[in-house]
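Trainee: I'd like to learn how to read a model like this one, feature by feature. Can you walk me through it?

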Amino acid sequence: MALKGIDIFKMTPKTNCKECGSPTCMAFAMKVAQGAVDISKCPHMSDDALAALSEATAPPMKTIKVGTGEAEYTLGGETVLFRHEKTFVSPTRFAVNVAADADVDAAVAEAAKVDYDRIGERMHAEMVNVEYAGDAAAYVEAVKKVVGKGMTIILGCTDVEAAKAALEVCKAEKPILNGATAANYAEMVEVAKAAGVVLGVNGANIDELYDTTAAIEKLGYKELVLDVTGADTKETYGNAVRVRRACLDKNPDRTFGYPSIVNLSKIAANDEPMQIALASMFVLKYGSIVIMDTMNYARALPLYGLRQNVYTDPQKPMKVEPGIYALNGADENAVCITTVDFALTYFVVSGELERSGVPCNLVISDAGGLSVLTAWAAGKLSSTSVSKYIIENVEPKVKSRKLIIPGKVAVLKGDIEAKLPGWEVIVGPNEAVQLVKFLKDLQANGEI
Ligand code: SF4
């Protein structure tokens, strides 16, 4: 059961020395109880108190790191069941499945074709699951082919010797060894420990998954992910929800306090529409890693969009980076058109500008991630902010001195012109959808 601040306070040294950054031991204890700071921040806590408190104040769901370098990902660490309560923190990661006896190079190359940016986030298949097919030597060769591909490796292998051999060629990339079962967990723990990798736990059903996880914890290993894949969709969904509910309950059961793996290649093999539908469901509830047959744009566009929406902090506006976005082959002589950095506005406006085919430089300044009228009302989009950005960032790079502003803030035209000597400010349309005709007309009339 979660400890109260007063319980934690009783175990502090009560010297109010402030070394933890809090003014008093009581203030520190309250922060620890809220999960805002870690108990280890107090350097004067006795070993006994630390041992007692570390377990009791640890987050209910463990945060696990896998992979290395650019392919290092954080899994788990969630504190709530529903996004409306608080932000989800570790986005679902997508893995492509390759069977060790299949054409591994072709499968990886196919998945790698999907690689694009959306609102500052790279969208691609982050992981690759190499599934053991019964031949240890062939498995090692298959694993060698995914090393160095910039994807976190998952070893889907319950054969202890094959897993050991495969880890020899890939352990430097911190893969996940997804192979512990009720029958082999003791040996698999030794293999995972020796290689320093995260161990995936499997069970024939949720009870076996629980018992095996508890047994592994007793062996002192807690770098785990839980493979909640069942015999079919219904069982898998039930497992995923029950595991997450158990660890985030008011009285959390930490045995299930680990990230999860859902393998759609097992419950919906070769069924792309079903895999997309199921992957969407497990982004919401509660797949930390979702393994699919492959990754392509038909899968990526809905799934990555959904994931970005679900795992974005709703308290922080979705913003694009301020800058000059050259569209339709625009050069330094192309007209400038400005709007705010709210991601939705950017995508709607840039889409219409691209549709017009007219070369233009889309100038995005920092407007706090708000829409045009909201930014204007909040003072984030003003003649001062626009002119300052143009002088500091646009004038050194762009020769054109024509600037189109959103029609909804036509009121800024006079002030912007006064603050930008030499510039002609043109009031654009109220709605983005009107931009295509507006720009084509300006171009036809020789005004831009
Ligand atoms: S460092 Fe420890 S003893 Fe000092 S104020 Fe913080 S909790 Fe109290």
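Mentor: We'll start with the overall picture, then take strands, crossovers and helix packing in turn.

Trainee: What should I keep in mind about the model and its numbering?

Mentor: This is a predicted model, where local features need pLDDT of at least 70, side-chain atom pairs count only at pLDDT 80 or more, and totals for chains, interfaces and linings use all residues. Residues are numbered from 1 along each chain as its sequence is written.

Trainee: How many helices and strands are there in the protein?

Mentor: Helices (H or I, at least four residues) and strands (E, at least two) are DSSP runs, numbered from the N terminus. Here you get 17 helices and 17 strands. The C-alpha trace spans about 80 × 65 × 35 Å along its principal axes.

Trainee: And what share of the residues counts as buried?

Mentor: A residue is buried if 20 or more other C-beta atoms lie within 10 Å of its own, exposed if 12 or fewer, and partly exposed in between, with C-beta atoms placed from the backbone. By that rule, 41% of the 448 residues are buried. As for contacts, two residues make one if their C-beta atoms, placed from the backbone, lie within 7 Å. Among contacts between residues at least 6 apart in sequence, 64% join residues at least 24 apart.

Trainee: Let's zoom in. Why is strand β7 described as largely enclosed?

Mentor: Because five of the five residues of β7 (residues 152–156) are buried. Both faces are covered: T152, I154 and G156 sit on one side, I153 and L155 on the other, and all are buried.

Trainee: Which strands pair with β7?

Mentor: First the general idea: strands of a sheet pair through backbone hydrogen bonds, either parallel or antiparallel. Two strands count as paired if DSSP finds at least two bridges between them. Strand β6 (residues 127–131) runs parallel to β7, joined by five bridges, and N129 stands opposite I154. Strand β8 (residues 176–180) also pairs with β7 in the parallel sense, over three bridges; there, N178 is the bridge partner of G156.

Trainee: What handedness do the β-α-β units around β7 have?

Mentor: Picture the strands pointing away from you: a crossover is right-handed if the path from the first strand over the helix to the second runs clockwise. β6, helix α5 (residues 136–146) and β7 make a right-handed unit. β7, helix α6 (residues 160–170) and β8 make a right-handed unit too.

Trainee: How do I read the packing of helices α4 and α5?

Mentor: Start with the axes, which are lines fitted to C-alpha atoms, for helices over the stretch in contact; angles run from 0 to 180 degrees between N-to-C directions. The axes of α4 (residues 104–112) and α5 come within 9 Å and cross at roughly 30 degrees. That makes the two roughly parallel (angles under 35 degrees count as roughly parallel, over 145 as roughly antiparallel, 65 to 115 as roughly perpendicular and the rest as oblique). V104, D105 and V108 in α4 meet A142, K145 and V146 in α5.

Trainee: What about α6 and helix α7?

Mentor: α6 and α7 (residues 185–195) pack at an angle of about 5 degrees, with their axes 10 Å apart, so these two are roughly parallel as well. V160, A163, K164 and L167 in α6 meet E187, M188, V191 and A195 in α7. Within α6, the buried residues are A162, A163, K164, A166, L167 and C170, and their cover includes α5, β7, β8 and α7.

Trainee: In what order do the strands of the five-stranded open sheet run?

Mentor: The order is β13-β15-β14-β16-β17, with mixed pairing. β13 (323–327) and β17 (424–427) are the edge strands, each pairing on one side only. Neighbouring strands are turned by 30 degrees against each other on average, direction ignored.

Trainee: Is β14 in that sheet enclosed or open, and what are its partners?

Mentor: Five of the five residues of β14 (335–339) are buried, so the strand is largely enclosed by the rest of the structure. V335, I337 and T339 point one way, C336 and T338 the other. Five bridges join β14 to β15, and the two run parallel, with I337 opposite L362. From β14 the chain crosses through α13 to β15, in a right-handed β-α-β crossover. β14 also pairs in the parallel sense with β16 (residues 402–405) over two bridges, where I404 is the bridge partner of I337.
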